[in-house]
Amino acid sequence: MTLKLYFAPGACSFVPHTLLETAGEPFEAAMVKIHKGENYGPEYQAVNPRSQVPVLVDGGQVITQIVAIVSYLNDRFPQAGFLPREPLARARVLETLAWMNNTVHPTFTHIFMPHKFSDNAAVHGDLKAYNTRLYRGMLDELEALVQVAGAQGRPYLGGEQFGPLDAYALTLLRWGGIAGIDPEDHPALWAFVQRIAQLPAVARAMARERLQLNLYQAA
Ligand SMILES: N[C@@H](CCC(=O)N[C@@H](CS)C(=O)NCC(=O)O)C(=O)O
């Protein structure tokens, strides 16, 4: 088996995990327990000195960063059509993927791991509260994107085929539950994510990661 994915359950590594399941080529799934700090141990840092998941290894080559991994998997499995071929449609997907990865995702990190942004524990509550408000607004944007796709008759956020935006949307809405945001507050997105979760490849990745879709608990 030449392909190996390092993932953490429920983390952003879910995005390439679902793409690999969709591609259909056998791969090794290596779980990294980031809640136990395994990613800061010497064994994992020998793989990725930045201590993050996901990492894709193909034939001994190590690839990090979701945007790079998605681009690589798209070229390696062209039949899967993870990214549109038409230049403008592809730019639109990359535009949204970059936003998810460089804006929405780090906003959640401020909520989930505020210690990464300040070593002053006294401000962690403020960081969480402020970024939860920002995050809710970003889920509102995602809700609008899903509505536009529906109005245009597109079954997936990127077009006709399942791709990285769909898996990231699922992950980001799921994280919203951790942040105390009820998925029902974004009904179109919630319905979309529930449909995506039923795709066989996505369901396999969820089963391997033992993921529950709705993590929201009313206060
Ligand atoms: N920009 C990176 C983000 C990766 C990232 O934030 N990974 C998180 C999990 S969602 C992680 O490994 N966190 C562990 C840590 O930073 O301690 C990418 O696209 O791969």
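## Strand pairing

Strands β1 and β3 run antiparallel and are joined by 4 bridges. This is a predicted model. Within the pairing, Lys 4 has Val 57 of β3 as its bridge partner.

On β3 (residues 55-58), Val 55 and Val 57 point one way, while Leu 56 and Asp 58 point the other way; all are buried. Strand β4 (residues 61-64) also runs antiparallel to β3, again through 4 bridges. Asp 58 stands opposite Gln 61 in β4. A hairpin is formed by β3 and β4, with 2 residues between them. In its turn, Gly 59 has a positive phi of about 55 degrees.

## Helix α7

Which residues of helix α7 are buried? In this helix, residues 187-197, they are Leu 189, Trp 190, Phe 192, Val 193, Ile 196 and Ala 197. Viewed down the axis of α7, these buried residues fall within an arc of 165 degrees, so they line one face of the helix. An α-helix has 3.6 residues a turn, so residues three or four places apart point the same way.

The cover over the buried residues of α7 includes α5 (124-151), α6 (164-178) and α8 (200-209).

## Nonpolar cores

The largest nonpolar core contains 58 residues, and Tyr 135, Leu 170 and Leu 172 have the most contacts inside it. Elements giving two or more residues to this core include β1, α1, α3 and α4. Helix α6 gives the most, with 8 residues.

Beyond its neighbours within four places in sequence, Leu 170 is in contact with residues including Phe 14, Val 193, Ile 196 and Ala 197. A second, separate core has 10 residues, among them Tyr 6, Ala 11, Tyr 44 and Val 57.

Terms used:
Residues are numbered from 1 along each chain as its sequence is written. This is a predicted model: local features need pLDDT of at least 70, side-chain atom pairs count only at pLDDT 80 or more; totals for chains, interfaces and linings use all residues. Side-chain values use heavy atoms; hydrogens and water are left out. Buried means under 20% relative accessible area, exposed over 50%, partly exposed in between (1.4 Å probe, protein chains only). The arc is that of the directions from the helix axis to the C-beta atoms. Contact means heavy atoms within 4.5 Å. A nonpolar core is a set of buried Ala, Val, Leu, Ile, Met, Phe, Trp, Tyr and Cys residues joined through side-chain atoms within 4.5 Å. Two strands pair if DSSP finds at least two bridges between them.
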